Amino acid sequence: MAQYQRTANVSTPAGANWRDYYELTKPRVVAMLLLTALVGMCLATPGWPPWSAVLVGLFGIGAQASAAAVFNHVIDWKIDTKMQRTRHRPVAEGRVSQGAALVFAVALMVSGFITCWWLNPLTAWLTFASLVGYALVYTQWLKPATPQNIVIGGLAGAMPPLLGWTAVTGEVHAHALLLVMIIFTWTPPHFWALAIHRRHDYAKADVPMLPVTHGVRFTQTMVLLYTLLLVVVGIFPWLTGMSGWLYLVGATALNLVFVGYAWRLKTQSQKGIAWQTFKFSIWHIFATFVVLLADHALRY
C-alpha cells in the first residue's frame, strides 16, 4: 500500500510552481557547465568572440543541459525516493508529475537544439549527443550497472567547453579537447568523494557506486590517483601554448591543493573529510576555468 501511495503521489502532484520546474533543471550544475562553455568560446579565438554567438550559444547549450537534468529527475525518481540527499526533489516528492516533467524536458531539448542549429549543425548535434550521453547512457544504463558509471558517463558532463568552442568556430579543435580532458579527469574524484560521504544512501538505493562495490579504502586510493593524474593533465594547456604562465601557476596550485585533500582523505580517518573534499572540488573546477579565462584576457 505504501509503495502504491508513493507511486500515485508521483503521478498526481498538487501545487507545482515555477520553483519546482526551476529546481528540475539543476541550475547550479548548469551554471557551472555554462561557465566552462563560455571559457571554451573565449579561448576559441584571439580576443573575444562575437556577443551574438556567445548569447545564442549559451542559451542553446544551457537549454539542452537543463533538459538532460530534467530527464535525469524522471528516470531516477525511484532511486531519488530512497536517498536522503535526493528524496525531496520535485518528481521524487510528487510536486511535479513524470508526464509534466517529460513535456518540460522535451520543450527545453527542442528549443536548445534549434538554437544551437541556428549557430551551426555541429554544435547542435554535439550538444544533443551530450544530452543523450548523460540522460540515457549514464542515467539509464551505466549508473545502475557498473561502478565505473561516472568514469564512462563523465564524458557527457565534460563536453561544454567543446560545445562553446564549436559554437564560435564551427569546428572541433585539439585545444578544446584538452579542456574536455580536464573536466573528464576531474569528474571521478569529485563524485567519488561525494559517494564516500553518501555511501550508505547509495547502498540503500542499490546504486553500484565505487565505495559500495569496492569499499571506501579502494575508492580513496582512486580519488588520490585521479587527482595526481589531474596535475599532469592540467599542464597540457600550457605545454601546447593554449595558455600562459598565469594559468600554469594557478591551475597547478589548485591541482596540488586537490591532491592534498585526496591525501587527507586517504590517510586520515577524521569524519567529514570526504565532504570537505567534495566541496573543494566544486571550487576547484570553478577556479580553474576562471584562471583560464583570466590568462586569456591578459594575453589578448
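The dialogue below takes up pockets, then cysteines, then salt bridges.

Modeller: Please bear in mind throughout that this is a predicted model.

Colleague: Which residues lie nearest the centre of the largest pocket?

Modeller: They are Lys-26, Arg-28, Val-29, His-190 and Phe-191, out of 50 residues that line the largest pocket.

Colleague: Which helices each supply at least two residues of that lining?

Modeller: The helices are α3 (27-43), α4 (51-75), α8 (121-142), α9 (149-157), α10 (160-169), α11 (174-197) and α16 (273-299). Sorted by class, the lining of the largest pocket comprises 28 nonpolar, 14 polar and 8 charged residues.

Colleague: What is the volume of the second largest pocket, and which residues are closest to its centre?

Modeller: The volume of the second largest pocket is about 320 Å³. It is lined by 16 residues, and Ile-196, Arg-199, Gln-270, Gly-272 and Ala-274 are the closest to its centre. Helices α11, α12 (199-204), α14 (216-239) and α16 each give at least two residues to this lining. Its classes are 6 nonpolar, 7 polar and 3 charged residues.

Colleague: Let us turn to the cysteines. How many disulfides does the structure hold?

Modeller: A disulfide is a covalent bond joining the sulfur atoms of two cysteines. The structure holds 0 disulfides. For Cys-42, the nearest cysteine sulfur is that of Cys-116, 17 Å away, whereas a disulfide requires the two sulfur atoms to be within 2.5 Å. Cys-116 is likewise in no disulfide, and its nearest cysteine sulfur is that of Cys-42.

Colleague: Are these two cysteines buried or exposed?

Modeller: Cys-42 is buried, at a relative accessible area of 4%. Cys-116 also counts as buried, because its relative accessibility is 0%.

Colleague: How should I read a salt bridge, and how many does the whole structure have?

Modeller: Side chains of opposite charge can pair when their charged atoms come close. A search of the whole structure finds 5 salt bridges. One of them joins the side chains of Arg-95 and Asp-20, at 2.7 Å from N to O.

Colleague: Which parts of the chain does the pair of Arg-95 and Asp-20 tie together?

Modeller: Arg-95 lies in the loop between α6 (90-93) and α7 (98-119), and Asp-20 lies in helix α2 (residues 18-24), so the pair ties together parts that are 75 residues apart in sequence. Arg-95 is partly exposed, with a relative accessibility of 21%, whereas Asp-20 is buried at 7%.

Colleague: Which other residues form salt bridges with Arg-95?

Modeller: Arg-95 meets Glu-23 in a salt bridge of 3.1 Å, N to O. Glu-23 is in helix α2, so this pair ties together parts that are 72 residues apart in sequence. Glu-23 is partly exposed, with a relative accessible area of 32%. Arg-95 also forms a salt bridge with Glu-93, whose closest O atom is 2.4 Å from the N atom. Glu-93 is partly exposed as well, at 31%.

Colleague: What do these residues form when they are considered together?

Modeller: Asp-20, Glu-23, Glu-93 and Arg-95 are linked in a network of salt bridges.

Terms used
Residues numbered from 1 in each chain as written. Predicted model: local features only at pLDDT ≥ 70, side-chain atom pairs only at ≥ 80, totals over all residues. Heavy atoms only, no water. 1 Å grid on protein atoms, 1.4 Å probe; cavity = no way out; pocket = protein on both sides within 12 Å on 5 of 7 lines; lining within 4 Å. Helix = DSSP H or I, 4+ residues; strand = E, 2+ residues; numbered from the N terminus. Nonpolar A, V, L, I, M, F, W, Y, C, P; charged D, E, K, R; others polar. Points joined across faces, edges and corners; volume = space filled by probe spheres on them. Buried < 20%, exposed > 50% of the residue type's maximum accessible area, 1.4 Å probe, protein only. Salt bridge = Lys/Arg side-chain N within 4 Å of Asp/Glu carboxyl O.
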